[in-house]
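This report describes how the secondary structure elements of two chains are arranged, and how the chains meet.

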Amino acid sequence: MPEAVVLEGVWKFYGDYAALRDVTLAVESGSCCALLGRNGAGKTTLLRILAGLSHIQRGQVRLMGESPRNEKARKQTGFLGHGIGVYEDLSACENLHFFARVAGVRDAKSMVSNWLDRVELGRVAAMPVRQFSRGMRQRLALARTFLHKPSVLLLDEPFTSLDDRAIAMLSELLLDARREGATIIFSTHQLREAFAIASHVALIENGRLRFTGERTPEMLEDPGLLYRRYMDSGAA
Amino acid sequence: MPGPDVTRMRTVQQALSIARKDLAIELRTKESLNAAGAFAVTILLLLSFVFDVTSEETRAIAGGLLWLVFAFAGALVFNRGFARELPNECLDVLLASPLSRASLLVGKAVANFAMLLVVEFVSLIVFGIFYDIRWWLHPAQLAGAFVLATWGIAIIGAVFGALTVNLRLRELMLPVIIYPLLIPLLIAAIEMTNLLFSAQPSQSDELLWARLLVVFDVVFTALALALADTILVN
């Protein structure tokens with residue numbers, strides 16, 4: 001399988017602080033990589049670099065063979081950051097139509113209505129987002145991220161604010177995206193959900209990659225195993 | 001690879017999407033229009049009580065008065081332009097999307113332009129009433145002058161709105177940066193407006209200031225498009 005995402009010897013500094021230290025990671029096309037690690041480990045920084053939102057000081061980053069800032073790479077990327085990236089004063093439907101236009105989605109009308117139904121927001125499509133609950137906002141953000149059928153999905157803690165039903169729905173969306181050939185990289189603290197979906201795992205601690213490899217059945221049985229085995233501070 | 005025409009067309013479409021979205025939000029919240037409109041009208045009203053001038057003197061200062069008020073009101077509009085993208089990290093999503101940086105800047109400038117024109121029109125009506133100026137004598141030329149000058153202010157406002165969006169003191173920094181740059185444009189706009197408020201404006205003078213406005217617009221629009229990728233680095 002060709003590699004959809006490649007990081008080679010990446011260093012990222014915030015002032016004197018090294019947020020990422022010599023990170024080398026390759027994610028195969030069509031695989032789903034869970035980025036794990038504690039708060040401040042460097043997961044968000046890594047995802048922002050891949051989305052072309054943050055500069056690196058050393059190393060190389062390639063997304064589908066292109067620099068992440070390149071328009072060609074951005075066309076193929078769906079990014080969900082910590083913020084939900086939708087406008088409070090527009091309705092769910094208007095938000096999706098706007099992002100569909102920006103991404104140049106063909107047949108935007110049916111795509112928008114299809115995604116509103118998939119994230120179960122069809123009933124409230126005309127309601128301004130400011131009236132949505134946190135979970136509803138997160139589901140709208142997911143629809144926005146998936147709307148233009150990106151081949152690389154970069155998701156920063158996508159399970160945040162979702163209830164059990166919505167987590168199951170997101171898991172289903174991610175599995176569907178994988179079946180359609182998308183490459184997924186997501187960060188999370190929810191180990192059980194992560195291991196259930198991921199084909200690969202990358203563990204970061206203090207900006208260093210501690211482990212990278214395939215998700216094994218043992219990880220699924222014992223989600224804390226990876227933290228105990230590879231991290232200096234032990235338990236998850 | 002899409003050809004240059006297709007790319008240009010897409011840039012225009014994306015810019016219009018940005019402008020349409022900003023105007024839709026503004027029509028709902030009226031944050032910028034209320035602030036800028038109220039500011040412009042209040043200043044014009046206050047100054048009408050402060051100065052006790054003859055109608056001839058009023059005509060001589062009319063252009064300066066109006067364009068200074070528009071420039072200050074504009075800063076209120078431009079401050080909101082990119083700040084609107086900050087909640088929920090919408091700017092990050094736009095920068096990570098296939099949207100070209102040039103489209104984003106031009107889209108913001110188009111929205112600024114439309115909002116500022118509304119503020120200018122309302123101010124002009126108030127100005128006509130309180131200063132006894134017949135501003136409608138040369139409507140086509142006046143509209144042309146306002147369109148040219150307002151676009152120049154709008155594109156500068158969009159560029160520096162983008163540059164200052166992440167500054168803590170952006171409300172203060174934006175006017176401090178843009179006003180010196182706007183001096184040539186404001187001089188041209190003021191002179192042209194004064195000419196058009198007079199009964200028989202000199203066509204050669206009018207043309208001279210119009211040319212300056214066109215040059216200013218072309219230069220700063222071209223610079224904004226060329227430097228968009230550098231300006232909009234997160």
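Across which strands of chain A does helix 5 (residues 134-146) of chain A lie? Helix 5 of chain A lies across strand 5 and strand 6 (152-156) of chain A, and runs at about 165 degrees to strand 5 of chain A. Angles run from 0 to 180 degrees between N-to-C directions, and axes are lines fitted to C-alpha atoms, for helices over the stretch in contact. Helices (H or I, at least four residues) and strands (E, at least two) are DSSP runs, numbered from the N terminus.

This is a predicted model, in which local features need pLDDT of at least 70 and side-chain atom pairs count only at pLDDT 80 or more, while totals for chains, interfaces and linings use all residues. Residues are numbered from 1 along each chain as its sequence is written, and chains are lettered from A and ligands numbered from 1 in the order in which they are written.

**Sheets of chain A**

Six strands of chain A form an open sheet in the order 5-6-7-3-8-9, with mixed pairing; two strands pair if DSSP finds at least two bridges between them. Strand 5 and strand 9 (208-214) of chain A are at the edges with a single partner strand each, so one side of each has no neighbour in the sheet. From one strand to the next the twist averages 10 degrees. Helix 6 (residues 164-179) of chain A lies across strand 3, strand 6 and strand 7 (183-187) of chain A, at about 150 degrees to strand 7 of chain A. In strand 5 of chain A, Thr77(A) and Phe79(A) point one way and Gly78(A) and Leu80(A) the other, and all are buried (20 or more other C-beta atoms within 10 Å of the residue's own, with C-beta atoms placed from the backbone).

A further open sheet of chain A has three strands in the order 2-1-4, with antiparallel pairing. Strand 2 (17-28) and strand 4 (58-63) of chain A are its edge strands. Neighbouring strands of this sheet are turned by 20 degrees against each other on average, direction ignored.

| Strands of chain A | Sense and bridges |
|---|---|
| Strand 3 (residues 32-36) and strand 8 (residues 200-205) | parallel, four bridges |
| Strand 5 and strand 6 | parallel, four bridges |
| Strand 1 (residues 3-14) and strand 4 | antiparallel, five bridges |

Leu36(A) has Leu203(A) as its bridge partner in strand 8 of chain A, Leu80(A) has Leu155(A) in strand 6 of chain A, and Glu8(A) has Gln60(A) in strand 4 of chain A.

**Helix packing in chain B**

Helix 3 (residues 55-83) and helix 5 (residues 101-131) of chain B pack at an angle of about 145 degrees, with their axes 9 Å apart. Their contact has 14 nonpolar, five polar and two charged residues. Here Ala, Val, Leu, Ile, Met, Phe, Trp, Tyr, Cys and Pro count as nonpolar, Asp, Glu, Lys and Arg as charged, and the others, Gly among them, as polar.

**Contact between the chains**

Chain A has 23 residues in contact with 21 residues of chain B, contact meaning C-beta atoms, placed from the backbone, within 7 Å. On the side of chain A that touches chain B, helix 3 of chain A gives the most, with four residues. The residues of this side divide into ten nonpolar, seven polar and six charged.

Note on methods: Two residues are in contact if their C-beta atoms, placed from the backbone, lie within 7 Å. A residue is buried if 20 or more other C-beta atoms lie within 10 Å of its own, exposed if 12 or fewer, and partly exposed in between; C-beta atoms are placed from the backbone.
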